[in-house]
Amino acid sequence: MKAIIVKRVDSGTPDTEEIRDLARAAGYEVVAEFTQSRKEDAALQVGEGKATEIGTAVAETGAEVVIFDNELGPYQTYNLGQTFPEEAKVIDRFRLILEIFGQRARTRKAQLQVELAELRYELPRAEAKTSLAKRDERPGFMGLGEYDESREQDIKNQISNIKDELDSIARTEADRRARRRESGFDLVAMAGYTNAGKSTLMQSLAADIELGENEELHPDLDTTAEAQDRLFTTLGTTTRKMDMERRDVLLTDTVGFISDLPHWLVESFKSTLDAVYHADLVLLVVDVSEPIEEIREKLVTCHDTLYERNEAPIVTVLNKIDAVSEDELAEKVEALSALAPNPIAVSGKEQTNLVGLRGRIDDELPDWEREKLVLPMTDDTMSVVSWVHDHARVNDVSYADDEVVVDFEARPAIVEQSRAKAGELANALSA
C-alpha cells in the first residue's frame with residue numbers, strides 16, 4: 001500500500017528516518033515525503049499551502065494513506081480528510097504504531113493491550129465526533145463510523161473489561177515469577193529502544209535447552225527469540241534460560257521503547273513492562289553505533305520509563321561495538337558517563353565480550369548464601385537432598401549412618417526453604 005510521509009517541526013530540520021522505518025514496519029511503500037518547519041496550524045497541523053501540495057501528491061502518486069509524524073487532533077484529522085482526495089486515509093504516528101502492534105500481537109495478552117490502546121486512542125475522537133455531530137457537521141473521519149450517543153460509554157465499558165482481564169493475566173504472571181524464584185532462578189530483563197539489538201543479544205546469551213526437559217517447570221520458555229532488522233520485532237516478552245555457570249538465570253526480552261509515546265499508550269502496555277519492573281536485574285541495551293545525541297535522548301526516554309516503577313539495579317549495555325572504532329567507543333562512553341555510568345560494551349552479533357557481560361550479571365545479581373544442612377536419615381531425606389540439587393548449587397554431600405550433610409549455595413529464599421524442610425524431617429523423626 002502506497003503512503004506519503006509528513007512531518008512538521010517548530011524549528012530546525014525535520015528528521016523523518018524513524019517515521020519512515022515505522023511506515024515500512026507496517027508494510028507501507030513510502031512514495032513521497034513532505035516536511036515543514038513552522039508553528040502548528042490549529043486546523044491542519046501544517047500550513048494550508050503545504051496541505052494543498054500534499055493533496056496534489058496524493059492524487060498524482062495514488063497514495064492510499066497519508067502518515068503524519070505529528071499527533072493529529074480529531075479536528076485536524078477531519079479537516080485534512082476534507083482537503084485530500086476522498087479515498088486517502090489520514091493517520092498519525094500513534095495510529096501507525098497501533099497498526100504495527102496489531103500486526104504483531106500473537107498472544108491473548110498482546111491482543112488485549114493493543115485493543116486497550118486503540119480504545120484509549122479512540123475515546124477523545126469519539127467525544128470530538130459527538131461535538132461535531134451536535135454542531136450538525138458530518139464527521140466521517142478516521143473510520144469512526146456514524147454518530148452514536150452511546151459510543152463513548154461503550155468505549156469506557158470495554159476499557160474497564162479489558163483492564164480487568166489484563167489484571168488477571170498480571171496476577172498469573174506474578175505467581176509464575178514467584179515460582180521461578182522459589183525454583184532458584186534469578187530473573188534478568190532486557191529493556192531498550194527498538195532495534196538496539198536486544199533479540200540478537202538474547203540469542204547469544206541464551207543456553208540451548210530442550211523444552212521437553214523444562215516445560216513442566218517453566219511452561220513459557222521459548223526458544224524462538226527473533227532477531228530481525230526491523231522495528232517492533234518484539235511486541236510481547238520472550239523468556240529463555242541463560243548460559244551461566246554459577247547461577248540459574250532466566251533472561252526476558254521485552255517490547256522495545258520508542259520516542260514520543262504518549263502516556264495512554266505506555267500505560268496500555270504496562271503489564272508487558274512488569275517483566276522489567278519485577279526483575280532482579282535490568283540490562284538497558286543501547287545501540288552504540290548511533291550518534292551521541294540520539295543515544296542520549298533514548299537513554300533519557302528509557303530512564304523516564306524505568307525509574308517510575310523499577311527497583312532493580314540497571315546495567316547499561318553498549319551493544320553493536322563491532323560497528324564502531326575503539327576511539328569512537330571511548331568518546332561515546334565519556335560523553336554518556338552521566339547517564340550511563342560504568343557501562344559494559346559488547347557485540348551480540350559478533351559475540352564480543354559476552355564473558356564480561358555474564359560476569360557483570362553475576363556480580364550485580366543478589367548474593368547467594370552458603371549453607372550447610374545436617375539432615376537426619378529418614379525415608380524422606382533423599383527427596384530433600386534431591387530438592388536442594390534442583391534449586392541450589394551443591395558443593396558437597398556427605399553421608400553417615402544416621403545423617404546426611406549437604407553443603408550448598410543458593411538464593412536466600414531457597415536457603416530458608418531448605419531449613420524448613422530440614423526442620424520437618426527432624427520433627428517427623430522425633431514424633
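A residue counts as buried under 20% relative accessible area, as exposed over 50%, and as partly exposed in between. The legends below use these words in that sense, and the structure is a predicted model.

Figure 1. Ala174 is partly exposed, because its relative accessible area is 31%. The residue belongs to helix H6, which covers residues 151–182.

**Figure 2. The chain as a whole.** The predicted model holds 15 helices and 13 strands. Of its 431 residues, 51% count as buried. Among contacts with a separation of 6 or more, 74% are between residues 24 or more positions apart. Zero aromatic pairs turn up in a search of the whole structure.

**Figure 3. Helix H2 and its buried face.** Helix H2 runs over residues 48–61, 14 residues in total, and reaches 20 Å from its first C-alpha to its last. That is close to the 20 Å expected at 1.5 Å a residue. Its buried residues are Lys50, Ala51, Ile54, Gly55, Ala57 and Val58. Seen down the axis of H2, the buried residues fall within an arc of 160°, so they line one face of the helix. An α-helix has 3.6 residues a turn, so residues three or four places apart point the same way. The face turned away from the buried side of H2 carries Glu48, Ala59 and Glu60, which are exposed. The cover over the buried residues of H2 includes strands S1 (2–9), S2 (29–37) and S3 (65–68), along with helix H3 (74–83). Just after H2, Gly62 has a positive phi of about 75°.

Figure 4. The 15 residues of helix H11 (residues 292–306) should span 21 Å at 1.5 Å a residue, and the end C-alpha atoms are 21 Å apart, which agrees. Buried in H11 are Ile292, Ile295, Lys298, Leu299, Cys302, His303, Thr305 and Leu306. These residues cover an arc of only 160° around the axis, which puts them on the same side of H11. On the face turned away from that buried side, Glu297 and Asp304 are exposed.

Figure 5. Strand S13 (residues 403–410) is mostly covered, with seven of its eight residues buried. Strand S11 (residues 369–376) pairs with S13 in the antiparallel sense over eight bridges. S12 and S13 form a hairpin, with three residues between them.

**Figure 6. The open sheet from S6 to S10.** Six strands form this open sheet in the order S6-S7-S5-S8-S9-S10, and the pairing is mixed. The edge strands are S6 (238–241) and S10 (344–345), each of which pairs on one side only. S6 and S7 (residues 248–253) run antiparallel and are joined by four bridges. In this pair, Thr238 has Asp253 of S7 as its bridge partner.

Figure 7. His391 is in helix H14, which covers residues 381–391. With 13% relative accessibility, His391 counts as buried. Leaving out residues up to four places away in sequence, His391 touches Glu182, Ser183, Gly184, Ala410 and Ile414. Lys421 lies over the face of Trp387, at 4.9 Å from the ring centre.

Figure 8. Most residues other than glycine have a negative phi. Gln45 has a phi near 70°, a positive value in a residue other than glycine. Gln45 lies in the loop between S2 and H2 and, at 1% relative accessibility, counts as buried. Asn353 is not a glycine either, and its phi is positive at about 60°. The loop holding Asn353 is the one between S10 and helix H13 (354–364). Asn353 is partly exposed, with a relative accessible area of 34%.

Technical notes:
Residues are numbered from 1 along each chain as its sequence is written. This is a predicted model: local features need pLDDT of at least 70, side-chain atom pairs count only at pLDDT 80 or more; totals for chains, interfaces and linings use all residues. Side-chain values use heavy atoms; hydrogens and water are left out. Rings of Phe, Tyr and Trp (its six-membered ring) pair if their centres lie within 6.5 Å; planes under 30 degrees apart count as stacked, over 60 as edge-to-face and the rest as tilted. A charge sits over a ring if NZ of Lys or CZ of Arg is within 6 Å of the ring centre and within 35 degrees of the ring normal. Buried means under 20% relative accessible area, exposed over 50%, partly exposed in between (1.4 Å probe, protein chains only). Helices (H or I, at least four residues) and strands (E, at least two) are DSSP runs, numbered from the N terminus. Two strands pair if DSSP finds at least two bridges between them. The expected span of a helix is 1.5 Å times one less than its number of residues. The arc is that of the directions from the helix axis to the C-beta atoms. Contact means heavy atoms within 4.5 Å.
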